[in-house]
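This note is meant for a colleague who is opening the model for the first time. Please keep the sequence and the structure in view while reading.

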Amino acid sequence: MLALAITFYDVVLTVHILAVVVAFGVMFAYPVMDAQVRRASPADVAALHRLQVALGRRVIVPAMTVVLLAGLYLTFDRWSFDEPWIGATFAILFVLFGLGGAVFAPTDLRLAELAERGETGSAEYAREARKARLFGALSLVLVVVAIFLMVAKPGV
Ligand code: HEM
C-alpha cells in the first residue's frame, strides 16, 4: 500500500502557490479586460478602473501578504535567506508591493476620476493610462522571473 505522508510544510507550500495564483492570475487578464471594455463598452471604462482599484485592495494585496507569510514560513522551516533565489524573489515581492502603493493605486484612482468626468480623451488620461500599462507589463515580467527563480532554485 502507498504511504501518504502529508506534512504541514506541504500545506503551507500549497497555500503559498494558491496565493500566487490568486494575487497574480488576475493581473495577466488585465490587458484583455482593458481591450475588451474599450472596444465593446467604452462607457464602462470608469467602472473598469474602479474594479481594478477594488481588486488591488481586496484581492491582490491580501493575497501577496499570504504569499509573503507562507514564503517566510517555508524559508525558516527548510531553507535560508542566504539562498539567492529566495533573496531575489523576496526583493521582487517588495518591489511589487511598492508599485501597488506608489503607482497602481493612485494611477487607477486618477484614471477612474478622469473617466467619470468624461475626460478619457485628455492628455492626462493618456499619460496615466500609459503609466499603468508600462508598470503593469513590468510587474508581469517580475512575476514570471519570480516563478522561474522559485521553481528552478538556481544555486541549489
Ligand atoms: C512574487 C512572489 C513569489 C512567487 C511568484 C512565488 C512562487 C513560488 C512557487 C511557484 C513555488 C513552488 C516551487 C516548487 O515547488 O518547485 C514557491 C516555493 C517556495 N517559495 Fe515562493 N514565491 C514568491 C515569493 C516568495 C517569498 C517572498 C519567499 C520567502 C520569503 C518564498 C519562499 C519560497 C520557498 C521557501 C518555497 C519552497 C520551495 C520548495 O520547498 O520546493 N517565495 N514559490
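1. Basis of the model. The model is predicted, so local features need pLDDT of at least 70 and side-chain atom pairs count only at pLDDT 80 or more, while totals for chains, interfaces and linings use all residues. Residues are numbered from 1 along each chain as its sequence is written, and side-chain values use heavy atoms, with hydrogens and water left out.

2. Overall fold. The protein has four helices and zero strands, and its pattern along the sequence reads α-α-α-α. Helices (H or I, at least four residues) and strands (E, at least two) are DSSP runs, numbered from the N terminus. Taken along the principal axes, the C-alpha atoms fill a box of roughly 65 × 35 × 20 Å. The protein has 156 residues, of which 34% count as buried. Buried means under 20% relative accessible area, exposed means over 50%, and partly exposed lies in between (1.4 Å probe, protein chains only).

3. Iron site. Which residues coordinate the iron atom of the ligand? They are His-16, through NE2, and Met-150, through SD, at 2.1 Å. Donors are N, O and S atoms within 2.8 Å of the metal (3.2 Å for Na, K and Ca); water is not among the atoms, so sites may look incomplete. His-16 belongs to helix α1 (residues 8-40) and Met-150 to helix α4 (residues 123-152), so the pair ties together parts that are 134 residues apart in sequence.

4. Geometry at the iron. The six donor atoms around the iron atom of the ligand subtend angles of 84 to 178 degrees, and the arrangement is therefore octahedral. Six donors count as octahedral if opposite donors are over 155 degrees apart and all others between 65 and 115. For comparison, ideal angles for six octahedral donors are 90 or 180 degrees.

5. Is His-16 buried or exposed? His-16 is buried, because its relative accessible area is 10%. Met-150, with a relative accessible area of 26%, is partly exposed.

6. Contact of α2 with α3. Two packed helices are described by the angle between their axes and the distance between the axes. Helix α2 (residues 45-78) packs on helix α3 (residues 84-116) at an angle of about 165 degrees, with the axes 9 Å apart. That makes α2 roughly antiparallel to α3. Axes are lines fitted to C-alpha atoms, for helices over the stretch in contact, and angles run from 0 to 180 degrees between N-to-C directions; angles over 145 degrees count as roughly antiparallel. The crossing of α2 and α3 is left-handed, a term used if the near helix is turned anticlockwise from the far one by less than a right angle. By class, this contact has 18 nonpolar, four polar and five charged residues. Ala, Val, Leu, Ile, Met, Phe, Trp, Tyr, Cys and Pro count as nonpolar, Asp, Glu, Lys and Arg as charged, and the others, Gly among them, as polar.

7. Contact of α3 with α4. For α3 and α4 the packing angle is about 160 degrees, and their axes lie 9 Å apart. That makes α3 roughly antiparallel to α4. α3 and α4 also cross in a left-handed manner. The contact of α3 with α4 has 23 nonpolar, four polar and four charged residues.

8. Residues of α3. Ala-88 is found in helix α3 and is partly exposed at 31% relative accessibility. The C-alpha atom of Ala-88 is 9.6 Å from that of Met-150, which is 62 residues away along the chain. Pro-106 is also placed in helix α3, and it counts as partly exposed at 37% relative accessibility.

9. Lys-153, in the segment after α4, has a phi near 45 degrees, a positive value in a residue other than glycine. Most residues other than glycine have a negative phi. Lys-153 is partly exposed, at 25% relative accessibility.

Key
Parallel < 35°, antiparallel > 145°, perpendicular 65-115°, else oblique. Tetrahedral: all angles 85-135°; square planar, octahedral: opposite > 155°, others 65-115°.
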